[in-house]
Amino acid sequence: MSKIVQEPNQVLRRIASPVSVADIRTAYIEDIISDMKVALNAEEDGVAIAAPQIGHSLRIFVVAKRASKLLTEDTVFINPEIIRIGKKKEELSEGCLSVRWKYGLVKRATSATVRALNSDGNEFVISGRGLLAQIFQHEIDHLNGVLFIDKATAVQD
């Protein structure tokens, strides 16, 4: 049984709390990140997961290595923020591990740049196009209590 929280669980609707830099290397946060990676990698079609999706209202998400050639490992984003977003938008097909087996079209920017802390507490900046840009926007929506079904058109099972 997956540990992934499903809609309508209210943890998915909360604005997630920032993680203090002092807490990043604690066993508590490391365990959450480990649980996120296990849950993500248990889902063949999963490309990313946010902490609220495993029941923790914290500003953390993980992007699977398989999501982009830019990533050399499953990449942890703590307290992420979009610092630049492209003007060009496209309607893209989207699904979610917390709204299982529903898919819809969501208008997203085709490029985005995110600043975040890694699991060592070091700041990094990464830019993505296409799927990676879509993931950044989808996961940050999660951290703000927004699900793709709130924005999607043509939602179907």
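Predicted model: local features only at pLDDT ≥ 70, side-chain atom pairs only at ≥ 80, totals over all residues.

Me: Where does Pro8 lie?

Reply: Pro8 is in the segment before α1. Residues are numbered from 1 along each chain as its sequence is written, and side-chain values use heavy atoms, with hydrogens and water left out.

Me: Which elements does the protein have, and what makes a stretch a helix or a strand?

Reply: Both are DSSP runs numbered from the N terminus: a helix is H or I with at least four residues, a strand is E with at least two. On that basis the protein has two helices and eight strands. From the N terminus their order is α-β-β-β-β-β-β-β-α-β.

Me: How do you know that the radius of gyration agrees with a compact globule?

Reply: The rule for a globule is 2.2 Å times the number of residues to the power 0.38, and the radius is taken over C-alpha atoms. For 157 residues a compact globule would come near 15 Å, and the protein has 14 Å, so the two agree. Along the principal axes, the C-alpha trace spans about 45 × 35 × 25 Å.

Me: Why is Ala64 called buried?

Reply: Buried means under 20% relative accessible area, exposed means over 50%, and partly exposed is in between, with a 1.4 Å probe and protein chains only. Ala64 has 0%, so it is buried. Its place is the loop between β2 and β3. Contact means heavy atoms within 4.5 Å; leaving aside neighbours within four places in sequence, the contacts of Ala64 include Leu40, Val47 and Leu71. In the protein as a whole, 49% of the 157 residues count as buried.

Me: And what makes Ala22 buried or exposed?

Reply: The relative accessible area of Ala22 is 68%, so Ala22 is exposed. Ala22 lies in the segment before α1 (27–41). The C-alpha atoms of Ala22 and Arg100 are separated by 35 Å, and the two residues are 78 residues apart along the chain.

Me: Why does Trp101 count as exposed?

Reply: Trp101 has 52% relative accessibility, so it counts as exposed. Trp101 sits in the loop between β4 (89–94) and β5 (103–109). Trp101 also has a positive phi of about 70° although it is not a glycine. Ala154, in strand β8 (residues 153–156), likewise has a positive phi, of about 55°, without being a glycine.

Me: Why is the pair of Phe61 and Phe77 called stacked?

Reply: Rings of Phe, Tyr and Trp (its six-membered ring) pair if their centres lie within 6.5 Å; planes under 30 degrees apart count as stacked, over 60 as edge-to-face and the rest as tilted. The structure holds three aromatic pairs. For Phe61 and Phe77 the centres are 4.6 Å apart and the planes 15°, so the pair is stacked.

Me: What does this pair tie together?

Reply: Phe61 is in strand β2 (residues 60–63) and Phe77 in strand β3 (residues 75–85), so the pair ties together parts that are 16 residues apart in sequence. Both Phe61 and Phe77 are buried. Together with Phe124 and Phe136 they form one aromatic cluster.
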